Amino acid sequence: PGGDGARSRLDVRGPELAPIDGADRDERGPLLGRGGMGAVHLDRDRRIGRRVARKMLGGVQSVEAVRRFLREARIQGQLEHPAIPPVYDVGRLPTGEVYFTMKRVRGETLADVLRGLGQGDAAMRARYPRRRLLAAMLTVCDALDYAHARGVLHRDLNGMRDRLDAAERRLHLGAWHLRQLFPATARADAS
């Protein structure tokens with residue numbers, strides 16, 4: 001939301017990315033996961049000194065693939081909601097690889113939590129009682145409503161990527177790569 005309280009349609013356009021001068025800004029860390037568009041590593045941001053999740057575009061970096069990847073980063077970066085990890089940076093390394101960094105989300109995947117509960121795991125049941133799971137699902141519903149009001153449709157909810165953070169008591173939505181933009185609702189423009 002802007003300072004005047006008005007909300008507008010998301011802007012997916014942006015300038016071309018120049019390589020970072022000198023050494024790579026992020027210190028490469030372990031692989032967190034791999035998906036259809038690339039890989040996510042747990043890196044350390046050297047400028048700020050915090051751990052970040054850095055998503056790197058994998059495979060052939062065609063003009064269309066780069067466009068889709070940057071579109072993902074720009075849309076996710078404009079969705080300011082507690083259940084949507086914020087984007088910190090977008091860039092192109094001196095090697096030409098395109099990336100974006102976002103908040104590192106701790107916790108277990110929703111799929112792992114549900115599997116553990118289904119197997120009667122007592123520790124999992126203690127960490128994630130039914131009331132906490134229902135509250136987490138409400139945060140997802142709220143995040144999806146927020147995104148839909150801004151013309152963004154997720155299209156790929158997946159318990160393998162969505163993470164439950166026991167400390168924050170929140171379910172974070174991951175992998176916003178399959179999106180569809182549609183006209184924002186009047187509610188988003190009016191509030």
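Two strands count as paired if DSSP finds at least two bridges between them. In this predicted model, strand β2 (residues 31-34) meets that condition with β3, through three bridges in the antiparallel sense.

**Strand pairing around β3**

Strand β3 (residues 38-45) also pairs with β1 and β4, as the table lists.

| Strand paired with β3 | Residues | Bridges | Sense |
|---|---|---|---|
| β1 | 26-27 | two | antiparallel |
| β2 | 31-34 | three | antiparallel |
| β4 | 50-57 | eight | antiparallel |

Individual partners can be named for each pairing. Asp 26 is bridged to Asp 45 in β3, Gly 33 lies opposite Val 40 of β3, and Arg 44 has Arg 51 in β4 as its bridge partner.

Two of these pairings are hairpins. Three residues separate β2 from β3 in one hairpin. In the hairpin of β3 and β4, four residues lie between the strands, and Gly 49 adopts a positive phi near 85°.

Strand β3 is largely enclosed by the rest of the structure, because seven of its eight residues are buried.

**Nonpolar cores**

The largest nonpolar core has 19 residues, of which Leu 79, Val 113, Tyr 128, Leu 164 and Leu 171 touch the most other members. Helices α2 (110-118) and α4 (130-149) each contribute at least two residues to this core. The greatest contribution comes from α4, with seven residues.

Leaving aside residues up to four places away in sequence, Val 113 is in contact with Glu 108, Met 124, Tyr 128, Leu 133 and Leu 164.

Technical notes: Residues numbered from 1 in each chain as written. Predicted model: local features only at pLDDT ≥ 70, side-chain atom pairs only at ≥ 80, totals over all residues. Heavy atoms only, no water. Buried < 20%, exposed > 50% of the residue type's maximum accessible area, 1.4 Å probe, protein only. Core = buried A, V, L, I, M, F, W, Y, C linked by side-chain atoms within 4.5 Å. Contact = heavy atoms within 4.5 Å.
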